[in-house]
Amino acid sequence: NFGGTTRYLATGFSIGTKGYIGTGANAGTHYSDFWEYDPALNTWTQKTNFPGAARWHAIGMSIGSKGYIGCGAMASSTFYTDFYEYDPGNNSWTQKTSYPGSGRYSPSYFSIGSKGYVGLGYDGTANYQDFWEYDPSGNAWTAKTSFPGSARRNAFNLTIGSLGYVGSGYSTADLNDFWSYDPIL
């Protein structure tokens, strides 16, 4: 079983042979604890807590040997843009340049090669279509072409090879479309 308190809407990423889970909520309590899962030993180990405010619906992705958590919300009234890098080698967090879009929860996110991509999501009043690239080597965000489908939140996202994918989610109704993103084009 998971080593932390029961929760939902947590986020996570994998680096090498380990998985990492943190944030989330349960019964009105939001969390900032952070856990590492080692499948070879089938064990959970608590790591240094996520340094930002406790939250749910955050992004979590890995780029190379580092992990990243940002955005998300506290309940449905406080929306974050802060962004942090996790280094598993020394179990430490470093605050990075904040996400340049508006604060939001349930954005879509994935990484391709040495870059991360974040967009879409909801800020309590509107769903978004904007899309941004994060380059950890320069700690910089660059606006990319907006998502061509309907603005949405709660979409699924994944990477296969050199393409990112976003699908389904919620706009003014449930959606079932599926899109690919090629950073080269």
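Predicted model: local features only at pLDDT ≥ 70, side-chain atom pairs only at ≥ 80, totals over all residues.
A salt bridge here is a side-chain nitrogen of Lys or Arg within 4 Å of a carboxyl oxygen of Asp or Glu. By that rule, Asp33 and Arg7 pair up through their side chains, at 2.6 Å from N to O.

Residues are numbered from 1 along each chain as its sequence is written, and side-chain values use heavy atoms, with hydrogens and water left out.

**Two words to have ready**

- Strands (E, at least two residues) and helices (H or I, at least four residues) are DSSP runs, numbered from the N terminus.
- Buried means under 20% relative accessible area, exposed means over 50%, and partly exposed is in between (1.4 Å probe, protein chains only).

**Salt bridges**

- Back to the opening pair, the side chains of Asp33 and Arg7 meet in a salt bridge. Asp33 sits in the loop between strand 4 (29-30) and strand 5, and Arg7 in the segment before strand 1, so this pair links distant parts of the chain, 26 residues apart. Both Asp33 and Arg7 are buried.
- Lys47 and Glu36 make another salt bridge with their side chains, at 3.9 Å from N to O. Lys47 belongs to strand 6 and Glu36 to strand 5, with 11 residues separating the two in this link between distant parts of the chain. Glu36 counts as buried because its relative accessibility is 10%.
- Asp177 forms a salt bridge with Arg152, and their closest N and O atoms are 2.7 Å apart. Asp177 lies in the loop between strand 18 (163-167) and strand 19 (178-181), and Arg152 in the loop between strand 16 (140-144) and strand 17, so the pair ties together parts that are 25 residues apart in sequence.
- How covered are the two partners? Asp177 is partly exposed, with a relative accessible area of 24%, whereas Arg152 is buried at 0%.

- Two strands pair if DSSP finds at least two bridges between them. Strand 1 (residues 11-15) and strand 2 (residues 18-22) do this in the antiparallel sense, over five bridges.
- Strands 1 and 2 form a hairpin with two residues between them, and Gly16 in the turn has a positive phi of about 60°.
- Strand 2 also pairs with strand 5 (residues 34-38), antiparallel again, over four bridges. There, Ile21 has Trp35 in strand 5 as its bridge partner.

**Strand 8 and its neighbours**

- Strand 8 (residues 66-70) is mostly covered, with four of its five residues buried.
- Strand 7 and strand 8 are antiparallel partners over five bridges, and Met61 has Tyr68 in strand 8 as its bridge partner.
- Two residues lie between the strands in the hairpin of strand 7 and strand 8, where Gly64 takes a positive phi near 65°.
- Strand 8 pairs with strand 11 (residues 83-87) too, in the antiparallel sense over four bridges. Here Gly67 stands opposite Tyr86 in strand 11.

- You'll find His57 in the loop between strand 6 (43-47) and strand 7 (59-63).
- Is His57 buried or exposed? His57 is buried, because its relative accessible area is 12%.
- Which residues does His57 touch? Leaving out residues up to four places away in sequence, His57 touches Leu9, Gly72, Tyr105, Ser106, Pro107 and Asn154. Contact means heavy atoms within 4.5 Å.
- The side chain of His57 makes a polar contact with the side chain of Ser106, at 2.5 Å. A polar contact is a pair of N or O atoms within 3.5 Å; within protein, one must be able to donate a hydrogen and the other to accept it, and residues adjacent in sequence count only if both atoms are side-chain atoms.

**Out on the surface**

- Phe156, Leu158, Ile160 and Phe178 form a nonpolar patch on the surface, with about 380 Å² of accessible area together.
- Strand 17 (residues 156-160) gives the most to this patch, with three residues. Ile160 is found in strand 17 and is exposed, at 52% relative accessible area.
- Patches are made of residues with over 30% relative accessible area and no salt bridge: like charges are joined within 9 Å, nonpolar side chains (Val, Leu, Ile, Met, Phe, Trp, Tyr) within 5 Å. Accessible areas come from the Shrake-Rupley method with a 1.4 Å probe; for residues, only the protein chains shown count as cover.
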